[in-house]
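I opened my notebook to go through one chain, step by step. What would I find if I looked up its folds and contacts?

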Amino acid sequence: MKPLRQPNTRPVLTYQPRVEPAPPAHAWRVEGFKDVWMLRNRYVAFVLVGNAFRQSPPFTLPEAAQRWATQVRNENEIS
């Protein structure tokens, strides 16, 4: 007879948006945009929410990253 299998007792992890203490030193600021940085040949937005920066997913267009940053600012009522 086969032994009984142990139940899966691993805790369930929930997704948390990435929070950074500051934009990375190797990121380059994109001219003409308020919150957009060039990181690994992609455009990423960093928005200060509370006491940490929230990082956007990578975008191929700087306008898309700025739209994401504007949306986050509106949701969190940041000027």
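My entries follow, from the overall layout down to single pairs.

**Ground rules**

I am working with a predicted model, where local features need pLDDT of at least 70, side-chain atom pairs count only at pLDDT 80 or more, and totals for chains, interfaces and linings use all residues. Residues are numbered from 1 along each chain as its sequence is written, and side-chain values use heavy atoms, with hydrogens and water left out.

**Entry 1: the layout**

I looked up the elements and found one helix and five strands in the chain. Here helices (H or I, at least four residues) and strands (E, at least two) are DSSP runs, numbered from the N terminus. Starting at the N terminus, I read the order as β-β-β-β-β-α.

Next I checked burial. Of the 79 residues in the chain, 30% are buried. Buried means under 20% relative accessible area, exposed means over 50%, and partly exposed is in between, with a 1.4 Å probe and protein chains only. The chain exposes about 6700 Å², and carbon and sulfur atoms supply 55% of that area. The areas come from the Shrake-Rupley method with a 1.4 Å probe; for residues, only the protein chains shown count as cover.

**Entry 2: the sheet**

In what order do the five strands of the open sheet lie? I read β1-β5-β4-β3-β2, with antiparallel pairing. β1 and β2 stand at the edges with a single partner strand each, so one side of each has no neighbour in the sheet. Two strands pair if DSSP finds at least two bridges between them. I noted a general point too: strands of a sheet pair through backbone hydrogen bonds, either parallel or antiparallel.

Then I went through the pairs:

- β1 (residues 19-20) and β5 (residues 52-55) run antiparallel and are joined by two bridges. Val19 stands opposite Arg54 in β5.
- β4 (residues 42-49) and β5 pair antiparallel over four bridges. Val47 has Arg54 in β5 as its bridge partner, and Phe46 stands opposite Gln55.
- β3 and β4 also pair antiparallel, over four bridges. In β4, Val44 is the bridge partner of Trp37.
- β2 and β3 run antiparallel with two bridges. Trp28 stands opposite Met38 in β3.

**Entry 3: the turns**

I looked up two hairpins. The hairpin of β3 and β4 has two residues between the strands, and Arg40 in the turn has a positive phi of about 55°. The hairpin of β4 and β5 has two residues between its strands, and there Gly50 takes a positive phi near 70°.

**Entry 4: the helix**

Where does α1 lie? It lies across β3, β4 and β5, and runs at about 15° to β4. For such angles, axes are lines fitted to C-alpha atoms, for helices over the stretch in contact, and angles run from 0 to 180 degrees between N-to-C directions.

I then picked Pro62, which is found in helix α1 (residues 62-75). Is Pro62 buried or exposed? Pro62 has a relative accessible area of 13%, so I count it as buried. Leaving aside neighbours within four places in sequence, I found Pro62 in contact with Phe33, Val36 and Tyr43. Contact means heavy atoms within 4.5 Å. The C-alpha atoms of Pro62 and Ala45 are separated by 8.6 Å, and the two residues are 17 apart along the chain.

**Entry 5: the salt bridge**

I searched for salt bridges, each a side-chain nitrogen of Lys or Arg within 4 Å of a carboxyl oxygen of Asp or Glu. The side chains of Asp35 and Arg73 meet in one (2.8 Å, N to O). Asp35 lies in the loop between β2 (28-29) and β3 (36-39) and Arg73 lies in helix α1, so the pair ties together parts 38 residues apart in sequence. Both Asp35 and Arg73 are buried.

**Entry 6: the rings**

How many aromatic pairs does a search of the whole structure find? I found one aromatic pair. The ring centres of Trp37 and Phe46 are 6.3 Å apart and their planes stand at 85°, so the pair is edge-to-face. Rings of Phe, Tyr and Trp (its six-membered ring) pair if their centres lie within 6.5 Å; planes under 30 degrees apart count as stacked, over 60 as edge-to-face and the rest as tilted. Trp37 is buried at 17% relative accessible area, and Phe46 is buried at 3%.
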